[in-house]
Amino acid sequence: MAAAGVSRHALARLPEPVIQTSPNTQTPLFPNSGREYNPVVTLNGWTLPWRMNNGVKEFHLVAEPVVREMAPGFKAHLWGYNGQSPGPTIEVVEGDKVRIFVTNKLPEHTSIHWHGQRLPNGMDGVAGLNQPAIPSGKTFVYEFTARRPGTFMYHPHADEMTQMAMGMMGFWVTHPKEKHSDIDEVNRDFCFLLNSFDIDPGSFTPNPATMLDFNIWAWNSRVFPGIDTLNVRLNDKVRIRVGNLTMTNHPIHLHGHEFHITGTDGGPTPKATRWYEVTTDVAVGQMRQIEFLADEEGDWAFHCHKSHHTMNAMGHDLANLIGVDHRGLAGKIKKVIPDYMVMGERGMSDMTEMEMELPKNTLPMMTGDGPYGSLEMGGMFTVLKVRKDQAPNDYKNAGWFKQPNGTQAFEWKGATPSPSRSKDAGSSAMKRMHPAPEVEVKVKKPSGSTSHNH
Ligand SMILES: [Cu+2]
């Protein structure tokens, strides 16, 4: 059994599981036993407390159905650990002996794989390969030593497609036991997982059979405007750790600063191999650690660069009506088909103005008000807030940044001469062999939303 090596004494003293009910970012958990380290801050999450038992750090994870508030007004029925999806972050120190009790309160069997860790083969958590699956109602024990420092995650390796589609995952950080030449000390250390769901507008439970066509793009099972901001002090050294448990890649992009990739789930990157980036792609099953000096004050966007990943649930196959005047049409169609939705003729920002009635428990596709209007964002988007008066270890949101006079884009009130355009650019460089007739591409006429044409 996977419990091999665990004494009956230890099993008899199962630690009380700690359950979290809040989806808010919790203050960092400073260690009150074991070795010292600088704790991480889990975005819209928390770190699991432990107890020491004869020199072993003991944790208790409970796999169970949870209700996760993904943003105010939008709750999802997910599976997770200890009351939340994702589960709590586990933080240990390199060399720590760790014992994790896993209680299965799901309606089906499960297991936990400790992604990226060096450990005995029987602790790797692949059900059927390394251990029998943990049946519903049973508790298994995993024991290993956290052998290398770094950024890791955990997730089931039993009915994976269902269980990850339902939100079962968590973060793991192993802090270095001593100064490490490739691991710098930082002032702020954030972490979160990228996850995705397929939740039909108006419903609560993800479709676990979905393979690629997800419609909710989340960070730690939260979507903008529900994702907390990253609040830092001017000139803080900041680390952000990101893991990808969705089924596609995410180019994560930070505004206003350049960062180094200082580590992956394979360990810290040697300093000589680092170069500056402002976007880093996090592939499926990968983790990336980015680090930068927050030396520019302001509210800086931080998001996935796939533009449909910064949107919330939308009906699929929307008719493209850009350039088509459908004023008055949507209202008439909505009398017949109440949830009729069209892409606006001037782009999708129309839709945020249309104030369409949405099914219950559905967020608008693009939302979130800023100091200057709608941000027209959803999904994988939040803000890095750099402030000179943010106190050390204060993670509170300081509100909107007030740009100093003369440092903000403004409306030009002077004359606007029409731009001169080159009439034959291109044709002089490469002449057409057979002159083609001028063709204008026709836009599709409104024929009803194809997802609702029943
Ligand atoms: Cu993305």
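The following legends describe close-up views of one predicted model.

Residue numbers start from 1 along each chain, in the order in which its sequence is written. Because the model is predicted, local features need pLDDT of at least 70 and side-chain atom pairs count only at pLDDT 80 or more, whereas totals for chains, interfaces and linings use all residues.

**View 1. The chain as a whole.** The chain contains 4 helices and 23 strands; helices (H or I, at least four residues) and strands (E, at least two) are DSSP runs, numbered from the N terminus. Of its 454 residues, 40% count as buried. A residue is called buried if 20 or more other C-beta atoms lie within 10 Å of its own, exposed if 12 or fewer do, and partly exposed in between, with C-beta atoms placed from the backbone. Two residues are in contact if their C-beta atoms, placed from the backbone, lie within 7 Å. Among contacts in the chain with a separation of 6 or more, 74% are between residues 24 or more positions apart.

**View 2. The open sheet that contains strand E9.** This open sheet has 4 strands in the order E5-E10-E9-E7, and its pairing is mixed. Two strands pair if DSSP finds at least two bridges between them. E5 and E7 are the edge strands, each pairing on one side only. From one strand to the next, the twist averages 25°; axes are lines fitted to C-alpha atoms, for helices over the stretch in contact, and angles run from 0 to 180 degrees between N-to-C directions.

**View 3. Strand E9 and its two partners.** Strand E7 (residues 113–115) pairs with E9 in the antiparallel sense over 3 bridges, and His113 has His155 in E9 as its bridge partner. Strand E10 (residues 170–175) also runs antiparallel to E9, joined to it by 5 bridges. In E10, Phe171 stands opposite Met153.

**View 4. The largest nonpolar core.** A nonpolar core is a set of buried Ala, Val, Leu, Ile, Met, Phe, Trp, Tyr and Cys residues joined through C-beta atoms within 7 Å. The largest one has 85 residues, and those with the most contacts inside it are Val102, Met153, Trp172, Phe190, Ile216 and Val223. Strand E3 (residues 56–71) gives the most to this core, with 7 residues. When residues up to four places away in sequence are not counted, Val102 touches Leu61, Ala63, Ile112, Ile134, Thr139, Phe140 and Tyr142.

**View 5. Val62 and its surroundings.** Val62 lies in strand E3. Val62 counts as buried because it has 20 C-beta neighbours inside 10 Å. Leaving aside neighbours within four places in sequence, Val62 is in contact with Pro17, Tyr81, Asn82, Thr103 and Lys105. The C-alpha atoms of Val62 and Thr139 are separated by 8.8 Å, although the two residues are 77 residues apart along the chain.

**View 6. The five-stranded open sheet.** Here 5 strands form an open sheet in the order E13-E23-E20-E15-E18, with mixed pairing. Strands E13 (230–233) and E18 (279–282) stand at the edges with a single partner strand each, so one side of each has no neighbour in the sheet. Neighbouring strands of this sheet are turned by 20° against each other on average, direction ignored. E13 pairs with strand E23 (residues 381–387) in the parallel sense over 4 bridges. Within this pair, Arg387 in E23 is the bridge partner of Arg233.

View 7. Most residues other than glycine have a negative phi, and most peptide bonds are trans. A cis peptide bond, with omega about -5°, joins Ser85 and Pro86; Pro86 is in the loop between strand E4 (74–81) and strand E5 (90–93). The bond from Phe224 to Pro225 is also cis, with omega near 10°, and Pro225 is in the loop between strand E12 (216–219) and E13. Asp159, which is not a glycine, has a positive phi near 40°. Asp159 is in the loop between E9 and helix H2 (160–165), and this residue is partly exposed because 19 other C-beta atoms lie within 10 Å. Asn393, again not a glycine, has a positive phi of about 65°. Asn393 is in the segment after E23 and counts as exposed, with 12 C-beta neighbours inside 10 Å.
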